[in-house]
Amino acid sequence: MTCAVLALPSCGGVASPEVRAEAPEPATELEGRGRALFTGPAACSACHGGAGGGTMLGPALQGLAARWSAETLAEYLADPAGYAARHPEIEHRRMPQPAVTDAADLAALAAWTLRLMGA
Ligand code: HEC
């Protein structure tokens, strides 16, 4: 197996006990669609991990629900660099522009990301 997901304990990564290794089940159809995008075409899981626990390439998303809403996440994901420029508290260095651009897809991604954050 190739260890693309460095946070996996089986890859020798560091799994902190606070980090949930398994993603929750989607509670709505929108979240289910967001999950499919997160782990599929949008490839968010490549950097943030399938459960949002983070990898060497991207920070953990778990525990960040207090600083985001579905609306602000959809806005951020539509244009991470632009959003960060307007919100200096959000760091912008390596978060790529998502390949997903459709507004409905971004709303689904935002709903699922918020769920992974712990909302
Ligand atoms: C190539 C790796 C990579 C991919 C792919 C990626 N991200 Fe990120 N993401 C990052 C990094 C690194 C950061 C930290 C900020 C920065 O460096 O720009 C980040 C930051 C974030 C943040 C802000 C967290 C905070 O509050 O500080 C969110 C939300 C996020 N990503 C969600 C996503 C979603 C959803 C996707 C899929 C559409 C995605 N990311 C795809 C690497 C990635």
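Helix α5 is mostly covered, with 11 of its 15 residues buried; a residue is called buried if 20 or more other C-beta atoms, placed from the backbone, lie within 10 Å of its own. Helices here are DSSP runs of H or I with at least four residues, numbered from the N terminus. The model is a predicted one, in which local features need pLDDT of at least 70 and side-chain atom pairs count only at pLDDT 80 or more, while totals for chains, interfaces and linings use all residues. Residues are numbered from 1 along each chain as its sequence is written.

Among the buried residues of α5 are Leu106, Leu109, Trp112 and Arg115. The buried residues of this helix pack against α1 (29-39) and α3, where contact requires C-beta atoms, placed from the backbone, within 7 Å. From its first C-alpha to its last, α5 reaches 21 Å, close to the 21 Å expected at 1.5 Å a residue, the expected span being 1.5 Å times one less than the number of residues. Gly118, with a positive phi near 115°, follows α5.

Tyr76 lies in helix α3. Tyr76 counts as buried because it has 23 C-beta neighbours inside 10 Å.

Key: Helix = DSSP H or I, 4+ residues; strand = E, 2+ residues; numbered from the N terminus. Buried ≥ 20, exposed ≤ 12 C-beta atoms within 10 Å, placed from the backbone. Contact = placed C-beta atoms within 7 Å.
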